[in-house]
Amino acid sequence: MRVHVLHHGRCFDGAASSALFGAFMRERHGSEIELVYLAKHHRRGDPFEDADFAGADEAAVVDFRYTQHPQLTWYFDHHRSAFQLPGDRAHFEAREGTQRFHDPTAPSCTGYLAKIVGERFGFDSSAHAELIHWAEIIDSAGFSSPEAAVLYADPAMHLAAWIQTADDPQAISTFIEELVVTPLARLAQADWVREIVEPRLVSHRQDIELIRRLGRTKGGVFSYDLLDEPPRILSHFIPYYLAPGAHYSLGVYGHPDGDLRLSVGFNPWFDRELRRHDLAQLCERHGGGGHPFVAGASFALDQIDQLRAAQADILATLRDPASR
Ligand SMILES: [Mn+2]
């Protein structure tokens, strides 16, 4: 039996959901089943292709968008944006509850999957409590402090950094399999994990110093501009570590994918009641989107004027004392 597990790529929750689903399928169908993990990435239109399902006896999507593909047999997700193509939601709702589940209020897909397979299919995931715990924290930004989010003291954070950076499909499959058999602290010590994580942590620490130098707080908003710097993958928690008193952060930078990004967030360590703006709506005015508390927009390299206009508009709105 061959089981395809299509999961959100470059994401700890996507990997952890896949690992837990794999353990569930092994218990259900025997340890000899073949599990094939395939990372999926968001794109305009339909992100799935027939190759994702070719040769599969069972196919699951976890922590990623829904698909009406006839070979889909399992679905678990918690993204509000799961149903994007015409007919997706109706297709799901007509089949919901048997082997297809979606809850946009779940903090992580891993925690949600553990709950569902426990309640509906009697799967005991207590051996994976540490993995589930960290997927919940990382995916919902439920860190106890900015330091916990930024200083990467915990081994689970090293594993999250690994999956964000890794791109060898074989290594990613091994990583996913290891998540349910190896304690996280021991996996984080493996040479093949460290050789990716160590350089990532060095550049992360350089990002912290760069943003410390270039960022400033005005009107309750910490802002930084890295457009003159090389493209990078950024931790969006750095501003709150550097400026714990700021209500909002807004940054612009180049992304390794080849576009320019604007990122805006509400300080997750502040009382939710203090948020006065829907950041997704502010970004939608400029072609972006996201969640009310964290959102963004991307721009082609030749759209710098649009990016500057978006940056100025959103900064002015967030800093306006009349709106705070
Ligand atoms: Mn998730």
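Predicted model: local features only at pLDDT ≥ 70, side-chain atom pairs only at ≥ 80, totals over all residues.
Helices and strands here are DSSP runs, numbered from the N terminus. The protein is divided into domain 1 (2-140) and domain 2 (215-323), and 30 Å separate the centres of the two, taken over C-alpha atoms.

- By type, the residues of the lining of the second largest pocket divide into 7 nonpolar, 5 polar and 3 charged.
- At the start of α7, a side-chain oxygen of Asp 168 comes to within 3.1 Å of the backbone nitrogen of Gln 170.
- The buried residues of α7 are Ala 171, Ile 172, Ser 173, Phe 175, Ile 176 and Leu 179.
- As background for reading such a list, an α-helix has 3.6 residues a turn, so residues three or four places apart point the same way.

- Most residues other than glycine have a negative phi.
- Arg 10 has a positive phi, near 55°, and is not a glycine.
- Arg 10 counts as partly exposed because its relative accessibility is 40%, which falls between the 20% and 50% cut-offs.
- Asp 63, also not a glycine, has a positive phi of about 60°.
- The loop between β3 (58-62) and β4 (74-77) is where Asp 63 sits.
- With a relative accessibility of 0%, Asp 63 counts as buried, the cut-off being under 20%.

- Is Lys 40 buried or exposed? Lys 40 counts as buried, because its relative accessibility is 7%.
- A polar atom of the Lys 40 side chain lies 3.0 Å from the backbone oxygen of Pro 47.
- Not counting residues up to four places away in sequence, Lys 40 touches Leu 6, His 7, His 8, Gly 9, Pro 47, Phe 48, Glu 49, Asp 52 and Phe 64.

**Arg 95 in a loop**

- Arg 95 is found in the loop between α2 (88-93) and β5 (100-102).
- A relative accessible area of 35% makes Arg 95 partly exposed.
- A polar atom of the Arg 95 side chain lies 2.8 Å from the backbone oxygen of His 91.
- Leaving aside neighbours within four places in sequence, Arg 95 is in contact with Tyr 66 and Arg 100.
- From C-alpha to C-alpha, Arg 95 and Ala 295 are 31 Å apart in space, and they are 200 residues apart in sequence.

**Ile 238 in helix α10**

- Helix α10 (residues 238-242) contains Ile 238.
- Ile 238 counts as buried because its relative accessibility is 0%.
- Which residues does Ile 238 contact, leaving aside its neighbours within four places in sequence? They are Val 150, His 204, Asp 207, Ile 208 and Ile 211.
- The C-alpha atoms of Ile 238 and Val 3 are separated by 39 Å, and the two residues are 235 residues apart along the chain.

Key
Residues numbered from 1 in each chain as written. Heavy atoms only, no water. Nonpolar A, V, L, I, M, F, W, Y, C, P; charged D, E, K, R; others polar. Buried < 20%, exposed > 50% of the residue type's maximum accessible area, 1.4 Å probe, protein only. Helix = DSSP H or I, 4+ residues; strand = E, 2+ residues; numbered from the N terminus. Polar contact = N/O pair within 3.5 Å; in protein donor to acceptor, adjacent residues only side chain to side chain. Contact = heavy atoms within 4.5 Å. Domains from an automatic or database assignment.
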